[in-house]
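User: I have a model open and want a close look at one part of it. Please keep the answer brisk.
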Amino acid sequence: MDGLLLDTENLYTQGTQQILSEHNQTYDWEFKTKLMGKRTDEVARMIIDHYNLPLTPEEWINKSSNIYNNLFPTVKSLPGVAKLVHHLAKHRVPISVASSSSSSAFKLKSVNHTGLFSFFDNIVLGDNDMVKNAKPAPDIFIVASEYFKDGGIHPEDCLVVEDAPLGVAAGKAAGMQVLMIPDYRIDHSLKKEATLTLSSLDDFNPRDFGLPEYDYTTVTHVIFDMDGLLLNTQEFYSNVGAEILSKHGKTPDWEFKMKVIGRQASEAADMIVDHYSLPYSGQEYLAMYEEELYSLFPSCSLMPGVERLVRHLHAHNIPIGVATSSTRKVMDIKISSKHSDFFSLFNPIVTGCNPTIKQAKPSPEIYQLCASMFSSPPASPGSCLVLEDAPNGVQAGLAAGMQVVMIPHNKVKKEYLMPATQVLATMEHFRPQDFGLPAY
């Protein structure tokens with residue numbers, strides 16, 4: 001998990017150096033490579049011995065835990081991770097996590113990645129009672145493979161994906177093939193034991209190990225959703241909605257939110273009033289809700305990776321459009337102060353108030369209409385790629401016969417993610433060449 005699924009290694013370095021600096025010591029890379037994959041108690045002992053620190057292992061662990069409690073929830077997933085894990089789950093390939101992290105550390109690291117980890121069939125951690133010995137012993141991978149035994153899968157049928165030399169040694173000792181995605185600083189001699197070494201999971205072709213290959217097809221046109229996909233407005237919607245609910249002693253229902261995101265405002269308001277039994281009509285609720293939102297919208301920002309992709313596609317003359325459930329009036333409030341030039345790159349822009357749209361997402365109408373309004377329409381619906389963040393939008397794009405890349409909120413669970421053609425953690429991880437578009 002660490003350094004392979006999540007970019008925790010830099011956080012470990014930062015936290016360790018913070019403590020070492022108190023003792024005028026510098027954390028060196030060569031020594032760090034010997035710690036990768038080991039359990040917390042072993043790491044503490046090794047650091048204390050190596051740097052001759054006047055601390056007990058328990059004192060080191062307490063100091064480092066206080067630092068990591070703040071750092072770990074900020075960790076990001078690495079490129080190619082969500083894409084691969086979603087692909088394997090979609091093709092019913094059994095997948096597990098086998099991490100030396102303790103249960104408490106895993107909870108902190110995964111708090112903002114619950115959607116990603118919902119794809120995994122099992123999660124085996126370093127403090128599992130069945131894991132007697134830490135990596136490079138094979139125990140943790142053997143335990144993880146035991147969960148697959150009922151399906152007729154044996155250790156030799158498993159592929160381990162690792163970043164650390166100790167993990168590679170553990171996987172090989174378990175009788176498994178090992179794909180290694182090492183840090184670029186790791187010495188070449190430490191990579192030799194792996195079955196295959198790549199610089200990034202983005203470079204991995206599942207077919208190399210007999211797994212189902214990525215089956216994306218070439219597109220010519222791209223249609224973007226707006227809220228939560230291009231603009232970071234979903235945070236505003238959530239906060240304002242939670243504030244209104246709190247006045248009535250209620251808290252947001254995440255599962256219900258999945259059914260509302262992407263719908264037209266009036267429809268969503270009626271659903272919210274009914275679901276939470278609020279003492280308003282849908283119109284009254286919407287008026288309160290929008291009054292607060294309208295004051296916030298002008299400050300919204302573009303989501304990470306958005307501007308780079310949109311300007312790249314525009315520069316390569318790829319037709320790009322927007323299909324949003326927002327009305328034109330609300331869209332203008334969101335974009336007029338900061339983003340008018342950016343949105344001028346899109347043509348067409350279809351909003352939820354378009355009179356030809358009879359049904360909002362998850363109906364495919366808005367995407368069908370947007371595709372028909374390109375100056376040179378696509379040869380078929382399948383030539384369009386939709387980028388979405390919401391389950392209703394994914395359903396709409398798929399119902400329109402289009403491929404859909406989903407970039408969801410990190411809490412969205414497996415059942416809502418599975419239908420998408422591809423799932424990413426951020427637009428920064430999107431690779432245009434996956435869909436036959438010009439590479440960056």
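A request about one residue follows, then a connected answer.
Where is the place of Asp163, and which residues does Asp163 touch? Please go on to the charged pairs and to other contacts.

Analyst: This is a predicted model, in which local features need pLDDT of at least 70 and side-chain atom pairs count only at pLDDT 80 or more, while totals for chains, interfaces and linings use all residues. Residues are numbered from 1 along each chain as its sequence is written, and side-chain values use heavy atoms, with hydrogens and water left out.

Start with Asp163. Its place is the loop between strand 3 (159-162) and helix 9 (165-173). Helices (H or I, at least four residues) and strands (E, at least two) are DSSP runs, numbered from the N terminus. Asp163 is buried but has no salt bridge. Buried means under 20% relative accessible area, exposed over 50%, and partly exposed in between (1.4 Å probe, protein chains only). A salt bridge puts a side-chain nitrogen of Lys or Arg within 4 Å of a carboxyl oxygen of Asp or Glu. For Asp163, the nearest side chain of opposite charge is Lys135, 6.6 Å away. Lys and Arg count as positive and Asp and Glu as negative; His and the chain ends are not counted.

Now the contacts of Asp163. Leaving out residues up to four places away in sequence, Asp163 touches Asp2, Gly3, Leu4, Glu9, Met180, Ile181, Pro182, Asp183 and Ile186. Contact means heavy atoms within 4.5 Å.

The whole structure holds 15 salt bridges. Another joins the side chains of Lys361 and Asp225, also at 3.0 Å, N to O. Lys361 is in the loop between strand 8 (349-351) and helix 17 (365-372), and Asp225 is in the loop between strand 6 (221-224) and helix 10 (234-246), so the pair ties together parts 136 residues apart in sequence. Lys361 and Asp225 are buried too.

Arg431 and Asp434 form a salt bridge at 3.5 Å, N to O. Asp434 counts as buried because its relative accessibility is 16%. Through shared partners, salt bridges join Lys83, Asp202, Arg431 and Asp434 into one network.

Ile153 is in the loop between helix 8 (139-146) and strand 3. With a relative accessible area of 22%, Ile153 is partly exposed. Beyond four places in sequence, Ile153 touches Pro94, Ser145, Phe148 and Cys158. Ile153 and Pro94 are 59 residues apart in sequence, yet 9.3 Å apart in space, C-alpha to C-alpha.

Phe342 is in helix 16 (residues 340-343). Phe342 is buried, at a relative accessible area of 3%. Its contacts, again not counting residues up to four places away in sequence, are Leu302, Val306, Glu307, Val310 and Arg311. Asp270 is 72 residues from Phe342 in sequence and 33 Å from it in space, C-alpha to C-alpha.
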